[in-house]
Amino acid sequence: MTDTLTVRSDVRVRRQTLADLLRENVIWAVLVFVVIILSLASDVFLTPLNILNILRQISILGIVAIGMTFAMIGGSFDLTVGATMGLATVVVIQLQPVDPQSAAVAVVGGLLAGLLVGVVNGVLVGRLETNSVVTTIGTLYAVWGITLIYTKARHIWVVGMYPPLAALGTGRLGPFPLPIFAFAITAVLGHLALTATRFGRYLYATGGNSASARLSGINVGRVRLVSYMLSGLAAAIAGIVIAARVQNVDPSFGVGFEFDVLAAVILGGTSLFGGRGSVLGTVAGVLLLGVLGNAMTLMGISYQFQLMIRGIILVAAVAANVIVRRRRG
Amino acid sequence: MLNRWRQIILEQRVLLVLLVLFVAATLLSEDFLTGRNLQNVLTQVATDGIIAVGMTFVIITAGVDLSVGSVVALASVIAVGLQPHTGSVASSSLALLAGLVIGLMNGLLVTKVGVNPFISTLGMLTFVRGLALGVTDTRPISGTDPAFAELATTPVLGIPLAAVVFLVLLLVCHYILRSTTWGRGFFAVGSNLEASWLSGLKVDTYLLAAYALTSFTAALGGILLASRINTGSPVVGEDTPLVVITAVLLGGTSFTGGAGSLVGTLQGILVLGILSNGMNLIGVPDFYQTIVRGILLVLVMLFDRYYVTHKNRFRLQITGEA
């Protein structure tokens, strides 16, 4: 993306050509291509109902993936997100939101749980500089354990959820299911935070080269801490939407989801080593996964073969990226 | 003198944790220190332990293999599913072969294509899981060969076969890693890939070997697990990569490559095994083990960080990075 160019627009020496634009938005090009193919191949695919269906299904993945994009751009992994989402869902349902008061408490409780996980990760990885992969695997276990203890490892549910809260998951605005709006708002806010704030630029600098970022006076630890808090917050928002939608939850819900999220973020072009990535790319990655999943379901491909195809897509996408970059440089 | 003690304590920290756990478990439960229970512990840790041996190699080369859990499932499904058609020996051999092939594919993706191991093995995790679910139509298969069902627990000199396989594999690999030129190469590749290549090491061969070995050990673990439960299940092994990686890192192998040992891995796997067994014996619910395992992992990372900071204070001041 244009992250390095926006810092000082006067350093830009060459005008962007169409080829540049295409190269930097490969994932969107692929997405458009796939959508065209699928529209031609299936009568059902490009119908408003099906498109809305896809958008609703991917909104959870999308919200969490946008959060993880922040951590990844800052140069750290957040593998806790699935467990965090599960914890937030469990907190909301366990607090039995049946009236306005309890609903407010439940939502705030869910958000706080996500923020808290983010703070713990952020302090460990950002401030104390532990390895992010292993640390967030550790906190994944810890958060999952807390969820299990909190629910006594039992399936929990809420009967008669406060209707406005339930609407967040099940309601519609016109033809659009509300979770889509949650996804869209998260995406817009995330995009703005990355591209139009000082924090966003600090985050790219931190992920790109943390030593030089530190020498330029950026508080690298704090930037990473904030990125983890945003990641935890996004996971919590997704958890609340899920709770509102299904109103019952299995205590192991969310564990394993982090890998789906990671796949979407990486497909979207965010670097594993930090410093590169964008919300727009992540949204495209999420859409691509959603569209392909939907198409495979429409074609009647079983879950197990969808898994195999997903594995191939992930590796192929990254391999193609590596090969293209190698040829260029 | 005080410094020397400190040094010893720091270096043998996992062994100390292991001893503390062992003593605590003995004191808290009468059933812990019995021959039968210790055999149990050994059988329980054998599957993950075998895989941890392979994983140690991969992590020493600064890589990681997330696909091991799926390979466990695929191997168990092949070993049990083909029993009626080919007999157990042939089906188990095919399972091992499948593991080897997957490992080579992982290795080729990492070396020839240049895909980050985290991603290539994550893709392989999804792919192989789908394959295992696909060939079984998502249903577990019951074993039909009684000899196969007893394989893992057959006592050899009083020790269950699965544990014997684990310990022998560990000793052989420990020797290779520590005392052969070839074994030292893994450390070289892990600590500085480019320098190793420039000094004439066949870097790609080392990486291929590490990934092939890991998937092979995962298949071996899968077969022994299938034997123990006499079932080939496409859904087993979901948390295998996390448990195995925890054990390896607990044992002091560095996630950034170039340092580690199989003795450490043995200690790590025993810590996890005794922790889980001890907590089961005193009646702590399973889910507390999840939380303890997580906190343990975080503490290890913090400790390593602190320890590294002391060792490399000078370098830290220069680069601001570890």
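Visitor: In this predicted model, which residue follows H7(B) with a positive phi?
Guide: The model is predicted. Helix H7 of chain B covers residues 117-136. Directly after H7(B) there is a residue whose phi is positive, near 55°, and that residue is B:Asp137.

Visitor: What distance does H7(B) reach from its first C-alpha to its last?
Guide: The helix has 20 residues. At 1.5 Å a residue, 28 Å is expected, and the distance reached is close to that value: 28 Å.

Visitor: How many residues of H7(B) are buried?
Guide: A residue counts as buried if 20 or more other C-beta atoms lie within 10 Å of its own. H7(B) is mostly covered by this criterion, and of its 20 residues the number buried is 17.

Visitor: Which element of chain B gives the largest share of the side that touches chain A?
Guide: In the contact between the chains, 39 residues of chain B meet 42 residues of chain A. Helices H6 (88-113), H7, H13 (240-250) and H15 (286-311) of chain B each give two or more residues to this side. By class, the side of chain B divides into 22 nonpolar, 12 polar and five charged residues. The largest share, 13 residues, comes from H7(B).

Visitor: Is B:Asp65 buried or exposed?
Guide: B:Asp65 lies in the loop between helix H3 (35-60) and helix H4 (68-81) of chain B. The cut-off for a buried residue is 20 or more C-beta neighbours within 10 Å. Because B:Asp65 has 35 such neighbours inside 10 Å, it counts as buried.

Visitor: How far apart in space are B:Asp65 and B:Pro241?
Guide: Leaving out residues up to four places away in sequence, B:Asp65 touches B:Met55, B:Val58, B:Asn106, B:Thr121, B:Tyr211 and B:Thr214. B:Pro241 is 176 residues from B:Asp65 in sequence, yet from C-alpha to C-alpha the two are apart by 7.5 Å.

Visitor: Are H4(A) and H14(A) oblique or parallel to each other?
Guide: Helix H4 (residues 48-73) and helix H14 (residues 279-298) of chain A pack at an angle of about 140°, with their axes 8 Å apart. Angles over 145 degrees would count as roughly antiparallel. H4(A) and H14(A) are therefore oblique.

Visitor: How many charged residues are in the contact of H4(A) with H14(A)?
Guide: Among the residues that meet are A:Ile54, A:Leu61 and A:Gly62 in H4(A), and A:Val283, A:Leu287 and A:Gly290 in H14(A). The residues of this contact divide into 10 nonpolar and seven polar, and the number charged is none.

Visitor: In which hand does H6(B) pass H12(B)?
Guide: The axes of H6(B) and helix H12 (residues 203-229) of chain B come within 7 Å and cross at roughly 150°. The contact has 17 nonpolar, nine polar and one charged residues. The crossing of H6(B) past H12(B) is right-handed.

Visitor: Is A:Gln247 buried or exposed?
Guide: A:Gln247 is found in the loop between helix H12 (220-246) and strand S4 (248-249) of chain A. Its phi is positive, near 60°, in a residue other than glycine. Because A:Gln247 has 20 C-beta neighbours inside 10 Å, it counts as buried.

Visitor: What does B:Asn230 count as, with 17 C-beta neighbours inside 10 Å?
Guide: B:Asn230 is placed in the loop between H12 and strand S4 (231-232) of chain B. Although B:Asn230 is not a glycine, its phi is positive, about 50°. A buried residue needs 20 or more neighbours and an exposed one has 12 or fewer, so with 17 B:Asn230 counts as partly exposed.

Technical notes:
Residues are numbered from 1 along each chain as its sequence is written. Chains are lettered from A and ligands numbered from 1 in the order in which they are written. This is a predicted model: local features need pLDDT of at least 70, side-chain atom pairs count only at pLDDT 80 or more; totals for chains, interfaces and linings use all residues. Helices (H or I, at least four residues) and strands (E, at least two) are DSSP runs, numbered from the N terminus. The expected span of a helix is 1.5 Å times one less than its number of residues. Two residues are in contact if their C-beta atoms, placed from the backbone, lie within 7 Å. Axes are lines fitted to C-alpha atoms, for helices over the stretch in contact, and angles run from 0 to 180 degrees between N-to-C directions. Angles under 35 degrees count as roughly parallel, over 145 as roughly antiparallel, 65 to 115 as roughly perpendicular and the rest as oblique. Ala, Val, Leu, Ile, Met, Phe, Trp, Tyr, Cys and Pro count as nonpolar, Asp, Glu, Lys and Arg as charged, and the others, Gly among them, as polar. A crossing is left-handed if the near helix is turned anticlockwise from the far one by less than a right angle, and right-handed if clockwise.
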